[in-house]
Amino acid sequence: MQNMYKYLKSAIEGESKTEKQHDLNVFKKSEELALKYGIKYDGKSLVPTDLELADATFEAGIELLHSVGVYCKSTERVIRIDEEDILKSLNVINPLELGRLKEKVAVSHRYPLSPIPPTIIGGPMGGSVSEENFLYINLSAVLENVVQGIYSGAMKQFCGEYIKPKSPLEMLAVLKAARNERLATKIGGREGLALMGPSTPTLPTSYLLVSSDELYSSYDPQEVYMDDLKVDYETLSKCIFHQEHGNHYVSGQVPVFGGPCIGSAEGLAIIDVAETLQSKVLAHSSIHASGAVHADTGSSSAKEILWASNLSSLAISRNMNYYTARYYWNAAGICTDMMFYETAAQAIGDTVCGRDILLGPVGARGGVPDHSSGLESRFMGEIAQMATHLSLSEANRLVEKIYSKYEKKLTNPPAGKPFDKCYRVKSEYDLEPTEEYTSIYRKVSYEIMGNFPGEAF
């Protein structure tokens, strides 16, 4: 708490700025640092193979965070982050265990080309979910053995009524959502499976309402969301609460390529590193989850995002001890081959570049209800396991092949079908993917397996 008090004082007494000025500072400084450290995207590769480039990106990330600080939106002042605090945090890590009972998972701290696959957290991961399908979508992920936790989606209705943000009705909806998530683990015979989220709340009190042994225990990481090198009092309050109660929590950030702070893939990679450092030094979270998206497509599977995310992952996993995760925001809807291709391209890069945890995936950019299923999470886990046999250059060649399958569809992706149209649901004890959905999954799986280099196995 000592550092938290110091940074809270800085939020009150620090340099006064507008948010627009801060965004401009981040943009300019990240571009300057890309030139200074020789960080250049060739516009073609998707999985970087230059480890010196990764190390340079890490140094640039440290300099960016130290130079521009973190903007506190509640006070309109800049929190300065001491370089000494950053450096002291790099090699400090506490073992991370998720879930309880027989579903307890020790998360592996991975590094580039680690033979151990990432931890797989399935579920709608903040995407929109209808009230009627909420239980079934979570249950479909619970039923997949490769899934080691569930990241909830955002329930949009309660008793048929649309939920007005920051209303008392939201609190009832959050309780219902969390109880359904836990119920799904019990019905699926995996009680104790880790929950992550919740994703429905907009009120801090709604988050804290479900922080209990019954729902989100200390082993079920709760979500603490932050913007690009920004924070606010609500976020800091949640961090203090979770620290005091010994809870694991995940700091989530979704930087936007083409947004006010980020104008290049190089800048995105540097900002991604700086935000990870921010999460460890300022938020003290157990896990940092990043899910950069492209402004033109709203997806995390565009080539600039793939390259920058993979570069930052290499930089972080080589130079600091911290658990990192990645959100998968796919452009296509589920029950399409493009949805599987997008997932595969990301899972291969994340695995070889040292990411610890994979989250999702969710289709239709998370904005259309019910575009998540357990079959997608199964596929993500299977591809990640296979990718542990690849080198960086092999991974890059494979991802380039996969990317060519969907690149031209990113701005006009196939809509797919919602969950209840691609899963046969008779009851909570009897649900499975339709034959159509299963055949698409098999087709793409066999195709990608056929493109893996033979020596990888």
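Student: Which helices each supply at least two residues of the lining of the largest pocket?
Tutor: They are α4 (83-89), α8 (233-244) and α9 (265-283). Helices here are DSSP runs of H or I with at least four residues, strands are runs of E with at least two, and both are numbered from the N terminus. Please keep in mind that this is a predicted model, where local features need pLDDT of at least 70, side-chain atom pairs count only at pLDDT 80 or more, and totals for chains, interfaces and linings use all residues. Residues are numbered from 1 along each chain as its sequence is written, and side-chain values use heavy atoms, with hydrogens and water left out.

Student: What makes a residue part of the lining of the largest pocket?
Tutor: A lining residue has an atom within 4 Å of a pocket point; on a 1 Å grid over the protein atoms alone, a pocket is an open set of points with protein on both sides within 12 Å along at least five of seven lines. The largest pocket has 22 lining residues, and Val 92, Asn 94, Lys 280, His 284 and Ser 285 lie nearest its centre. Among the elements, α4 gives the most, with three residues.

Student: How many residues of that lining are nonpolar, polar and charged?
Tutor: Eight are nonpolar, 11 polar and three charged. Ala, Val, Leu, Ile, Met, Phe, Trp, Tyr, Cys and Pro count as nonpolar, Asp, Glu, Lys and Arg as charged, and the others, Gly among them, as polar.

Student: Which residues lie nearest the centre of the second largest pocket?
Tutor: They are Met 125, Gly 126, Glu 223, Tyr 225 and Trp 329, out of 13 lining residues. Strands β12 (222-225) and β18 (323-329) each supply at least two residues of this lining.

Student: Why is Thr 343 called buried?
Tutor: Buried means under 20% relative accessible area, with a 1.4 Å probe and protein chains only. Thr 343 has 1% relative accessibility, so this residue counts as buried. Thr 343 sits in helix α11 (residues 337-352).

Student: What is Thr 343 in contact with, leaving aside its neighbours within four places in sequence?
Tutor: Its partners are Tyr 328, Asn 330, Pro 361, Phe 379 and Met 380, where contact means heavy atoms within 4.5 Å.

Student: How do you know that β1 pairs with β13?
Tutor: Two strands pair if DSSP finds at least two bridges between them. Two bridges join β1 (residues 70-72) to β13, and these strands run parallel; Tyr 71 stands opposite Lys 230 in β13.

Technical notes
1 Å grid on protein atoms, 1.4 Å probe; cavity = no way out; pocket = protein on both sides within 12 Å on 5 of 7 lines; lining within 4 Å. Buried < 20%, exposed > 50% of the residue type's maximum accessible area, 1.4 Å probe, protein only.
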